[in-house]
Amino acid sequence: MKLLRYTFFSLLGLFLVSACTPSNSQPRPNMVVYKTPTCGCCKKWVTHLETAGFTVKTTDLDDLSDIKTQFGVPQKLRSCHTAVVDGYIVEGHVPADVVEKMLREKPDIAGISVPGMPIGSPGMEVEGRPADRYNVMAFNKNGQTSIYAQR
């Protein structure tokens with residue numbers, strides 16, 4: 001009888017704790033990533049997003065120039081892959097938490113970018129090398145840019 005009572009109250013406690021704990025697992029919109037078929041760092045970035053809870057569909061293309069132009073990614077902000085999520089463009093190795101921040105805040109921008117391929121950004125980790133400092137840049141449809149986040 002004591003065991004049954006203990007089990008009941010343990011399960012009740014777990015239920016109450018889980019019911020009262022804020023959930024970070026709200027459904028995220030699907031993301032489409034355009035990348036080249038052989039890029040390993042792009043695959044690692046997609047895994048980073050999936051680990052963070054995003055559902056990602058990848059589209060492999062041999063040349064991404066037209067996609068970047070179509071979505072208005074400024075030349076100086078381009079990187080190795082381009083993603084689209086909830087109407088926003090995500091260019092390069094942007095950390096998942098910064099993508100989540102953008103989706104939460106819904107700023108009046110076209111998208112965000114990590115230009116180039118900084119060491120230590122998601123998908124660009126190099127064992128034994130410290131992460132570079134880098135900026136996540138916001139850009140609008142006119143190509144104007146500003147710093148959105150710093151790493």
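Is Glu 125 buried, partly exposed or exposed? Glu 125 counts as partly exposed, because its relative accessibility is 48% (buried is under 20% relative accessible area, exposed is over 50% and partly exposed is in between, with a 1.4 Å probe and protein chains only). The model behind this value is predicted: local features need pLDDT of at least 70, side-chain atom pairs count only at pLDDT 80 or more, and totals for chains, interfaces and linings use all residues. Residues are numbered from 1 along each chain as its sequence is written, and side-chain values use heavy atoms, with hydrogens and water left out.

Now for the overall picture. The protein has 4 helices and 7 strands, taken as DSSP runs numbered from the N terminus (helices are H or I with at least four residues, strands E with at least two). Along the sequence they come in the pattern α-β-α-β-α-β-β-α-β-β-β. Of the 151 residues, 38% are buried. Among contacts (heavy atoms within 4.5 Å) with a separation of 6 or more, 52% are between residues 24 or more positions apart.

As for confidence, the average pLDDT is 88, and 83% of the residues score at least 70 (pLDDT is the predictor's confidence in each residue, from 0 to 100).

What about the inside? In soluble globular proteins, nonpolar side chains tend to be buried together. Here the largest nonpolar core has 24 residues, and Met 31, Val 90, Val 99 and Ile 112 have the most contacts inside it (such a core is a set of buried Ala, Val, Leu, Ile, Met, Phe, Trp, Tyr and Cys residues joined through side-chain atoms within 4.5 Å). Several elements supply at least two residues each, including strand E1 (31-35), helix H2 (40-51) and strand E7 (145-150). Helix H4 gives the most, with 5 residues. Leaving aside neighbours within four places in sequence, Met 31 touches residues including Trp 45, Leu 49, Phe 54, Val 85 and Val 99.

Strand E1 is largely enclosed by the rest of the structure, because 4 of its 5 residues are buried. E1 pairs with strand E2 (residues 56-60) in the parallel sense over 5 bridges (two strands pair if DSSP finds at least two bridges between them). In E2, Thr 58 is the bridge partner of Val 33.

Glu 91, in strand E4, counts as buried at 0% relative accessibility. Lys 68 sits in helix H3 (residues 65-70) and is buried as well, with a relative accessible area of 6%. A polar contact of 2.6 Å joins the side chains of Lys 68 and Glu 91 (a pair of N or O atoms within 3.5 Å; within protein, one must be able to donate a hydrogen and the other to accept it, and residues adjacent in sequence count only if both atoms are side-chain atoms). The side chain of Lys 68 also has a polar contact of 2.7 Å with that of Thr 82.

Back to Glu 125, which lies in the loop between E5 and E6. A polar atom of the Glu 125 side chain is 3.0 Å from the backbone nitrogen of Gly 123. The C-alpha atoms of Glu 125 and Cys 41 are separated by 8.9 Å, with the two residues 84 apart along the chain.
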